[in-house]
Amino acid sequence: MAGSGGLLVDWPLGVVDLVGRDDEVVELSRFIDTAVIGGSPTAVLVGDPGVGKSAVLGTVAALADRRGLRVLRGRGVAFESSVQLALLHELLLPILDGQAVSTHPAVPTLRVALGLADGPPTADDDLCAAVIDLVGELAAVTPMIIVVDDLHLADDTSVRILGAVCDAEPPGLGVVTVATPSSWLMPARFGRVELRPLSDAASNLLVRQAYPNIADDVRSRLISAARGNPRVLVGLPAGWRDAQISGLESLPPVLPMSAAMSVALFPRLPELPTLTRRLILMHLFVPGADVDLFAPAFGDREMTSVAAPALAHDLVIVLSSTAPDGATVTRIRLRQPLFGVALMASATPEERSGVHRALGQCATALGVDPVALWRVADSTTGFDEELASRMECAGEAAMLSAQWRAALRLLDRATELTADPAERLRRLSRTTQVAARVNPKSASVLFDEMCSAAAGSEGSLVTALAAATVVAGADDGDVDAAHDIVVRAIDAYPGHHDPDDPVLAEAVEELRSLCWLGGRAELWADHRRILRRIGPTLPPLQELSSAVAARPTKLSDPERERLDILIGTVAEQSSPLWIVEVAEMAAVFDRVEDTRAALMRLVDDPAERGAGVPAIWALLMLAHDDFHRGRWDRTVEKAERARRSADSGGHDQLWWMADYLLALVAAVRGDIAAVGAAAHRMRVWAAPRRAATVGKYADHVQMLVAAARADVETAYFHATSIGPAEQLVAGVPLAREVAMDVVRVCVRTGRFDEARAHVDAMDRLDLAGLSPRMHMLHLAARAQVAGPEAADLYRQALAVPTSQRWRFDHARVQFLYGSHLRRGQAVAASRAVLGEALASFEALGAAPWSARVAAELDATARTRSRTGRTASPLTAHERRIAEMAAHGLSNKMIAERLDISSRTVGNHLHRVYAKVGVSSRGALRDVLDSPVADVGVVNSPESRSAARDDTPSSR
C-alpha cells in the first residue's frame, strides 16, 4: 500500500510513491510531534543496504518542513571522513550565513572553527559549547530537526559534537540519523527504528509503479531476487534493456546489476580466493547442482576446502540430502541471494570466461547436451542470454575434447544470442581466437568485428589473446607483435599474479608458444619474468610443462616422478589437449613411443577430431619419432598425411613442420632439390612473421645436406645459425638436437676452441641425462675433442643401452668412430666398424652417407682390381683423390670431403702424378678419361656424378 499522504521520494529512476512504509512514517510522525511540544527526541534508522533508509529519512525531513520546523540536513561521505568538522560545516552553514543569528555570541567561535573567519584555533570543548548554545536557542524559538544520512561515514569530531548536543537535550531539538548499528560513535540513547524488507504485496506495487510495462514473469523473478529491498526492486532494472523488462528478450541466468548498485549494496565485498569465487559463480549458473559435480574444474582439491572461505565469511549454507540411490548430495545456498548478483556484477570478463571454461570441464557430469541445445537454438530468434551461456559452456567442453570446429559453431551461436555489449565482446573474442586456429578466413572477419566492438572499451586479456592468435597466424602475421600484445595484456591484467586463473594460465601458455616460435632469447625474458611473478603454483600440468621447456635436464626428483606418472597414464586420458601436452614433454626425453597408443587414438578418431590441430600435431610427433628410429617411410607417410590435413583445415602454422619432416628424410636420402624447395618454403613463411624457429629448422635440414657432402663450412654456417657455438641457447630445443653436429663442424673447420667450449656447454647442461640417444651423441661429441681416450668414449657411446634403436644417429657415431680408427692406423678395426655403419646407412637408404662411408672404407684398402686384369698402379684412396681432382675439386674441397688435411691431399696427388706420368690436373683428367688407361680408376657414372656434385659449379 502507498505511504501516508502519498509522500514522494527521489528514487534512482525518478520520483515515485513511497510504498510499504506506513508504520515507519507513523512512528516518525510521532517523533516530530515530540519535538514540536518541546521534547528532545533522537532516533537512528537501521536496516540492510538499499532497504530505503535514506528515502524514509527524506520523508521525515519533508514532514518536518511541511509542519514548519527548521530542518538542518547533513550527510556523511567516506572520502570526507578524515576532514574534521566536514559534517558540522554542512549542518551549520545555512544558519551561520543568516542575519537572524549574526549577533549571537557563539557565532564568531563557530565561524573561526569552521574556517569561515580568521582567528586562533578553537578548543573542542569551546566548540561543543558554542554549538549547543546556538542550536538550543534556535530550537527554543522554532522547533528544529537535525537530519543526518550515513552518520557512520562522517568525521569523528562532528559525530562527537552531535552526540554532545543530543546528551544536552535542548528542548524542541530532534535528531534523526541513518547509521550502521555497529558504529561505536552512535550515542547509546538513540532510539532504533528498524526498516525491514517490503512485503511481497508492497514489492509488487512498487515495481508496477516504477515499470508499468514489466512482464509478469520478469516481475516475479525480480521480486524473488530482491527479497523486499526497494533499491533493488527499482534500481536493478534501470540497467536493463526495454525488451528485457517487457519480456521480449530473455534475461541471463543471473540478473544483471550495475557496478554502482553492487557497491551500494555491498560496499566491501569479502576478499575470497579465486577458486571460492569461481565455485559461487558456478553455483549461480547451476544453482541446484550437487557441488561434487563441479569437482572436475578444481583438479585434486577437495570441494570442502574450496568452499571453506565462503563458509568462514558466513556467505553460504551447506545443505546435504540423500538421493534415491542412497548417495549423499551436497548443495550450497547463499545466505543473501543479492550477494550472488553483486558478485556476478563484479566479475571481470576473464573471470566470466573462466567460469564458463570450468563449467565446460563439468559438462558431462552436468548433463550438457549440445544436440538438445542446437534444437533450442535453431528455433530461437532474437537474443537469449540464458541459452547463450549454456551454448558457451558446451563450446568450452568441445574445446577440451579438441572438437574445435564444433566449438567454433557453438561459440559463434552463443555470440549471436548475446545482446549485452560487454558480454558479446567477450564471447566474440573467444570465438575469434578459436576461429584463428580452425578457419583463418572466418577469423579475419570476426577479428574486424571484434576490433569495432572493442573500440573505446577497456581492454581485456580475453580480447588480447584473440588478437595475438590472429596476428601470429595471419598471412601477414608477426610473432613479435603477437608476443607484445600478450605481454602487455598480462602486465595490465589485475589478476596477473593469480595462478588459479584459467585465462591467465592460457595467456602464459600462448606466450610460451610465441616465444618458442620466435626462437629468440629476448622473447623468453618476458616469459621468465611473468612466471617468477606468478610463482610456482601454475596448474600442475602447465607448471611441469614450463619446467620441462625451461630446464629439461635439471628437473627435480618429484618433477621427474610426476612426469613418469603422466606418461604412464596418458593412455587413460580422454582430453586430446592433455594427451598432446604430455606427449610434447615425452618427446623432449625421446619417449614419444611411450605415448604412441594415445597419440594414435587421436589420429584415428572420427573425421572432425582427426582433422583438428591436436590430431595433426600427434601425427607430426609420431613422424618425428619414426625418423629418429629409422622408420623413414612411416615418417613420410605421416608427414604427408599431416600436410594434407593442415592444408584442408587452413592450419598454416602446422604445415611447415610437415615440410620439415619430409625435408629431413630427403636430406638423409640425398634428394637435395626437395630439401632446397622445402627449406625455401619454410623461410618464405617464417621471415615476414619473424618466426625464427622455423628458419632454424630449415637450417637443420640444410646442415644435414652439407654434412653428408662434407661441405663443412656450409654445415658450420647452418649449425651455428641454429645456436651459436660455445653455448646452448635456452628456449631453442633444436640447439640440443644439433649439439654434436656443432662440435663436429667446429673440429672439421679447425675451430677447436669453439668445439671444446661447446662440449663444455653440453656438460654443464648435462645433455646426456635427457635420453639414451642424447647420451650417445654427448659421448660422441666429447670423443671428438678428446685425446687418447677418444676411442674409449666412442665405444662407450655405441654401448649406451638401447642406443641402437636410434638407427641413423647410431650409424653416424659408428662412422665417426671408424674414421677415428682409420686415422689412428687401426685399419682392421676401422673396417669392421665402418662396415657396420655402411650396412646401416644402406638399409636406411641414406645414399649420401653410404657414399661417405664407402669412401672411408676405400681409404683402408691397399689396392683393388678393376676386373681380373693386373693390379692397379694406384691405391683405392689414391684413385678416389685422383678422380675428384680430375673433375675440378680443389685440395681443400677434397680434404673436407675425405676428412683429411689439404697437405695430405697434396702428397697423394704428388704420388699419383708420378705413377701415371703427368704433372697437372688437366693431364690427369685426360689419362683418367682414356679408355685404354690402366690406372685402376673406378670410372662409373655414379662416382662421376658424386664427384660433380662437389664441383664449384654445382654449388
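Is Q825 buried or exposed, and what is its relative accessible area? Q825 is exposed, with a relative accessible area of 62%, where exposed means over 50%, buried under 20% and partly exposed in between, computed with a 1.4 Å probe on protein chains only. This is a predicted model, in which local features need pLDDT of at least 70 and side-chain atom pairs count only at pLDDT 80 or more, while totals for chains, interfaces and linings use all residues. Residues are numbered from 1 along each chain as its sequence is written, and side-chain values use heavy atoms, with hydrogens and water left out.

**Helix packing around α18**

- Helix α18 (residues 385-400) packs with helix α19 (residues 404-416) at an angle of about 165 degrees, their axes being 8 Å apart; axes are lines fitted to C-alpha atoms, for helices over the stretch in contact, and angles run from 0 to 180 degrees between N-to-C directions.
- That angle makes α18 roughly antiparallel to α19, given that angles over 145 degrees count as roughly antiparallel, under 35 as roughly parallel, 65 to 115 as roughly perpendicular and the rest as oblique.
- By class, the contact of α18 with α19 has 11 nonpolar, 1 polar and 3 charged residues, where Ala, Val, Leu, Ile, Met, Phe, Trp, Tyr, Cys and Pro count as nonpolar, Asp, Glu, Lys and Arg as charged, and the others, Gly among them, as polar.
- Helix α17 (residues 370-378) also has an axis that comes within 10 Å of that of α18, and the two cross at roughly 145 degrees.
- In this contact, L373, W374, V376 and A377 of α17 meet L387, R390, M391 and A394 of α18, and the residues divide into 7 nonpolar, no polar and 1 charged.

**Helix α35 and its surroundings**

- Helix α24 (residues 502-518) and helix α35 (residues 692-708) pack at an angle of about 40 degrees, with axes 5 Å apart, and they are therefore oblique to each other.
- W516, L517 and G518 of α24 make the contact with A692, T693, V694 and Y697 of α35, a set that divides into 5 nonpolar, 2 polar and no charged residues.
- V705, which lies in helix α35, is buried with a relative accessible area of 10%, and V705 touches A667, I672 and V675 when residues up to four places away in sequence are not counted.

**Helix α6**

- The buried residues of α6 (residues 156-168) are T157, S158, V159, I161, L162, G163, V165 and C166.
- These buried residues pack against β3 (42-46), α3 (86-96), α5 (124-141), β5 (144-149) and β6 (173-178).

**Positive phi values**

- Most residues other than glycine have a negative phi.
- α6 is followed by E169, whose phi is positive, near 50 degrees.
- R690, in the loop between α34 (672-689) and α35, has a positive phi of about 60 degrees although it is not a glycine, and R690 is partly exposed, with a relative accessible area of 40%.
- Q825 has a positive phi near 70 degrees and is found in the loop between α42 (807-823) and α43 (827-844).

Note on methods:
Helix = DSSP H or I, 4+ residues; strand = E, 2+ residues; numbered from the N terminus. Contact = heavy atoms within 4.5 Å. Expected span 1.5 Å × (residues − 1).
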